[in-house]
Every structure is written in C-alpha cells, then in structure tokens.
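Subject: Structure handover

Hello,

Here is the structure for your files. Please look it over first; notes on what was found in it follow below.

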Amino acid sequence: MAAIFRLFLLISLISTAASSQHTGPSILRLRGGEVKLRSFTGRAPSLVSFLSPSPSAHRSTASEAATNTGKAVGSSGDLDAMKQYVEKSISIEATPDEVFRVATGFEKYPKWAGCNWIRVLKRTAGGLGFQIQMKVGMFGRNLDYVLQYQYHRPHKMAWHAVSGSIRALQGSYEFLPNGPGKTKVVYKLNVDPGFWVPQAVKAGTTRFVASAALNGLKKYTELPTTLAELRGKRGSRKLTELEILEDRKRVYMLRMALL
C-alpha cells in the first residue's frame, strides 16, 4: 500500500508541476535534484512520457560536456582526474618495447583482447593506429565504436571513444621496466555505456574487462611464437613444429576463454 501511495503522490506532483500552459520546460524539484519535464502545449505530460527519456537526451548531454570542457567526450586527458576508473597491473616476461608492439598490433586483437571485430581506420605518420573501429560484447550488448589513440613510445598509449554506440570510454596502458627483460603493465579504464546499468554491474564489468585485457596481453606476448616474431631480427632460434602447435592451441583456448 505504501508503494501505491507513493506512486499516486508522484503522479500528482508531476501533474501539478506541469499544470501551467506554456511551451517552456517544466521543472520538478525532488530531493535528488531537479528533473526537467518535456513540455506539451495545453496539457500535462503523462507518466509514461515523464519516465521515457528523450531520444536525444544522451546526445545532448555529451554535446554539452564537449562544449563546456573544450575536449572531445571521453578525452584521455580526463582519465587521471576521474575517481571511478579501474586500475590494474600485471608483470610480463618481455621488454617494454616488445609489449608496446604487441599492444599496438591491433589487427591481432581478436586473438587475445576479446574484441569480435576490428579495423584500423587511420594511422599516424609513424604507422601506429590513430583511429580504430571495434566491435565488442559488453554489458550484455554488442557495442560498435571508434577509439582514437595517443602514444608515448614505448612507455604509454592512451585512447578515448570519438563515436559509436557508447557514451564515453577512456583507457591507457603504461609500460614500466620491471627488471631485466620484464615489464609492469598498468591498465586504467573508465566506461560510461550511455544506458542504464546498475552501478555494481558497471563496476564489476569494467574490472573484468581490465583483468581480461591484461591476462590476454600477458599470455599472448609470452607465447614462444610471439616472442620469436618480436625478436626475429635478433637471431632467435627457430621454433619446432611441436612448439608452434602448442602455441596455436594456447591462442585457441585464450580466444574461447574470452567469448
């Protein structure tokens, strides 16, 4: 009964707030803040219209953010200022330059990074990927977006979403020397999907994505075939057929684990 009473009280508040006949938006003041109601000349908005967000709501919010900050939405420069990003790290048996080269080899991401499809749209003058289109499964949906990258070779790469079916996404890899032939990789990630997701689900999914990316990067980089390719010009020994077969099996198992 209490829930029904609160529902009727909410309907009454909405009708009262929108009772004046004008074309400007009505404001409903609640304890959580102000809610702008869409206007309907000569009549109050229905409860359904109030509870249904405007199709342009997310786009206008993103546009306002870009205008007010002077940066693209999801700019990687904002990542360190955010308190909700996830940070994880891992140690990899390879040099920072070697790990950097694997992390920037976007065409091979489907083998270890958990993305379903990827395409390099633009490259930097040095040949690194500048704008990358990806299709990934996240938050129970298939998302398609374009990321734009910045580099400080071989120490860091950062990215942010510039278009697609996600409101904002920022992330970065840092590649830190961690002893002879070893690298500590620090991964930071912040995701705003642009549709409602429980905070616990959002945080848990973001942590899972960060962990999966780091584990995938480590396992793929440390494969003998990957290291042989990275060090091919340094006189590495030729792999046996058994080692190549084992590596192919590991790549297959890694891809199955990421599905």
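Helices (H or I, at least four residues) and strands (E, at least two) are taken as DSSP runs and numbered from the N terminus. This is a predicted model, in which local features need pLDDT of at least 70, side-chain atom pairs count only at pLDDT 80 or more, and totals for chains, interfaces and linings use all residues. Residue numbers run from 1 along each chain as its sequence is written, and side-chain values use heavy atoms, with hydrogens and water left out.

Thr205 sits in helix H6, which spans residues 199-221. Thr205 has a relative accessible area of 18% and is therefore buried (under 20% is buried, over 50% exposed, partly exposed in between; 1.4 Å probe, protein chains only). Beyond its neighbours within four places in sequence, Thr205 is in contact (heavy atoms within 4.5 Å) with Met138 and Phe139.

For the chain as a whole, there are eight helices and nine strands. Of its 259 residues, 34% are buried. Among contacts with a separation of 6 or more, 49% link residues 24 or more positions apart.

On confidence, pLDDT is the predictor's score for each residue, from 0 to 100. The chain has a mean pLDDT of 73, with 58% of its residues at 70 or more.

Regards
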